[in-house]
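This report goes through a few local features of one protein chain. Look at the sequence and the structure first, then read on.

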Amino acid sequence: MTNTTQGKIIIGSDVGKKVNCSVCKKEGTTDQFVTLQNHDGSNVYLCANCKEETNKAFDNETKNPNIPFAIGAGIIGAILGGIVWYLIALSTGMEIGYISLGLGYLVG
């Protein structure tokens, strides 16, 4: 896609395209918003205010993680999952691999 903006040729760009903020639905153009890529490959546009709020939310989620709780919860999950896996293996006589995959997901 080729756009011309103020005498410039910009290849593969959507500069000046009208879009809405993905959070607050504020109208604007792509050169006013931050453009991110969604998990499915589509574009997500954030206005300056929503970008700032999103950055604050990410910062708050990563400040002061409770490492001892995470380790304790992982150990408890591993023990409980191991007991369930053992009981299923004992009662069926088979060691089912999908259960160990689920246990790994649970502990992780």
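## Helix α2

Helices here are DSSP runs of H or I with at least four residues, numbered from the N terminus. Gly82 is found in one of them, helix α2. The model is a predicted one.

Helix α2 covers residues 67-92 and includes Ile75. Is Ile75 buried, partly exposed or exposed? Its relative accessibility is 48%, so Ile75 counts as partly exposed. Gly82 is also assigned to the partly exposed class, because its relative accessibility is 27%. Gly82 and Leu103 lie 21 residues apart in sequence, while their C-alpha atoms are 7.5 Å apart in space.

## A nonpolar surface patch

Ile75 belongs to a nonpolar patch on the surface.

## Helix α1

Helix α1 has 15 residues, 48-62. At 1.5 Å a residue it should span 21 Å, and its end C-alpha atoms are 21 Å apart, so the two values agree. Asn64 follows α1 and has a positive phi, near 45 degrees.

## Thr29 in strand β4

Strand β4 consists of residues 27-29 and contains Thr29. Thr29 has a relative accessible area of 19%; this is under 20%, so Thr29 counts as buried.

Which residues does Thr29 touch, leaving aside those up to four places away in sequence? They are Gly16, Lys17, Lys18 and Val19. The side chain of Thr29 also makes a polar contact with the side chain of Asp31, at 2.4 Å.

Definitions and conventions. Residues are numbered from 1 along each chain as its sequence is written. This is a predicted model: local features need pLDDT of at least 70, side-chain atom pairs count only at pLDDT 80 or more; totals for chains, interfaces and linings use all residues. Side-chain values use heavy atoms; hydrogens and water are left out. Helices (H or I, at least four residues) and strands (E, at least two) are DSSP runs, numbered from the N terminus. The expected span of a helix is 1.5 Å times one less than its number of residues. Patches are made of residues with over 30% relative accessible area and no salt bridge: like charges are joined within 9 Å, nonpolar side chains (Val, Leu, Ile, Met, Phe, Trp, Tyr) within 5 Å. Accessible areas come from the Shrake-Rupley method with a 1.4 Å probe; for residues, only the protein chains shown count as cover. A salt bridge is a side-chain nitrogen of Lys or Arg within 4 Å of a carboxyl oxygen of Asp or Glu. Buried means under 20% relative accessible area, exposed over 50%, partly exposed in between (1.4 Å probe, protein chains only). A polar contact is a pair of N or O atoms within 3.5 Å; within protein, one must be able to donate a hydrogen and the other to accept it, and residues adjacent in sequence count only if both atoms are side-chain atoms. Contact means heavy atoms within 4.5 Å.
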